[in-house]
Amino acid sequence: MKVDLGDLNAFVTVARAGGFRDGARLAGVSASGLSEAVRRLEARLGVRLLNRSTRSVVPTEAGRSLLERLAPALGEVETALDVVNAFRDRPTGTLRLNVPLAAARLVLPSLVPRFVAAYPDIVVDVAVEDSFVDMLAAGFDAGIRYEERLEQDMIAVPIGPRVQRFAAAASPAYLDRHGRPEHPGELLRHACLAGYFASGATVQWEFSRDGETVRVDPRGPLRVRLGAGADLAVASALAGAGIVYLFEDWLKPYFERGELEPVLAPWWPSFSGPFLYYPGRRLVPAPLRAFIDFIRAP
């Protein structure tokens, strides 16, 4: 039985993504094209591979069995093609990265434009997500995360600034009205613009100085989910609604323009910078290998 390799790959993409739209986004193709490829494969095999509803796409028992056997085989095909790709003067293909918003804003802008200029035949596909993602199952080549959120059994390569800090800030007008705290404990009397995790738990604000560490549970008029809600927190701080706690580099442009004022700067805690991480394969895809070499270069 002859089956088109592209149709098999379309089935794996949709099954891993859990839907045609998400699969299309990851693969860089149209959802209708993926749907047609899967229908063609099912017709050729004479068996339904995916149960479809308006809310989800789930493999059938036959689909799960095929996926278990097919995914490793297609991985070997991709690896074999990358062996050939490595012999090219300029690697080609797509580099799929999963990164948090902080990395997309603070790390990649200084790297990606120079990388795509150096490797014009590589397409960089970046998905920005702050929630935990199974990188391999979602079809990514690599991800960027901070040390405490790295997946186990992964190879980690430093990327971006190696030391970063969290910073607290507020508008000068807010501080003129409510005072400038000199100790983190005083934040309990201030309007704090808090962030929270996907679980709903509020993010503690941590401060450290001369061996003393203080953790504050922020309370105030606004709570935003980490990542996507950060811009709203900053905008609210600019408008004088309260104190925001975020990456120092994120807030630095507002400090330089005088729109925000540092709060408790001697107490700002530092932490190690992010890492590019990827599975320890025997052969790394050529676009990823080129990116690793690029970020390691002086």
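**Contacts and aromatic pairs in a predicted model**

Student: Leaving aside its neighbours within four places in sequence, which residues is T60 in contact with?

Tutor: This is a predicted model, in which local features need pLDDT of at least 70 and side-chain atom pairs count only at pLDDT 80 or more, while totals for chains, interfaces and linings use all residues. Residues are numbered from 1 along each chain as its sequence is written, and side-chain values use heavy atoms, with hydrogens and water left out. Contact means heavy atoms within 4.5 Å. Once neighbours within four places in sequence are set aside, the residues in contact with T60 are R48, L49, L50 and N51.

Student: Which backbone oxygen does the side chain of T60 reach?

Tutor: T60 is found in the loop between β2 (57-59) and α4 (61-85), where helices (H or I, at least four residues) and strands (E, at least two) are DSSP runs numbered from the N terminus. The side chain of T60 extends, at 2.8 Å, to the backbone oxygen of R48.

Student: Is E42 buried or exposed?

Tutor: E42 lies in helix α3 (residues 31-45) and, neighbours within four places aside, is in contact with V47, R48, L49, L50 and R52. Buried means under 20% relative accessible area and exposed over 50%, with partly exposed in between (1.4 Å probe, protein chains only). Because the relative accessibility of E42 is 11%, this residue counts as buried.

Student: How many aromatic pairs does the count come to?

Tutor: Rings of Phe, Tyr and Trp (its six-membered ring) pair if their centres lie within 6.5 Å, and planes under 30 degrees apart count as stacked, over 60 as edge-to-face and the rest as tilted. By this rule, the number of aromatic pairs is 12.

Student: Why is the pair of F115 and F294 assigned its geometry, and what is that geometry called?

Tutor: This pair links distant parts of the chain, with F115 in helix α6 (residues 112-118) and F294 in helix α10 (residues 286-296), 179 residues apart. F115 is buried at a relative accessible area of 0%, and F294 also counts as buried, at 18%. Because the ring centres are 5.5 Å apart and the planes stand at 70°, the pair of F115 and F294 is edge-to-face.

Student: The charged end of R162 sits over the ring of which residue?

Tutor: A charge sits over a ring if NZ of Lys or CZ of Arg is within 6 Å of the ring centre and within 35 degrees of the ring normal. At 4.9 Å from the ring centre, the charged end of R162 sits over the ring of F275.

Note on methods. A polar contact is a pair of N or O atoms within 3.5 Å; within protein, one must be able to donate a hydrogen and the other to accept it, and residues adjacent in sequence count only if both atoms are side-chain atoms.
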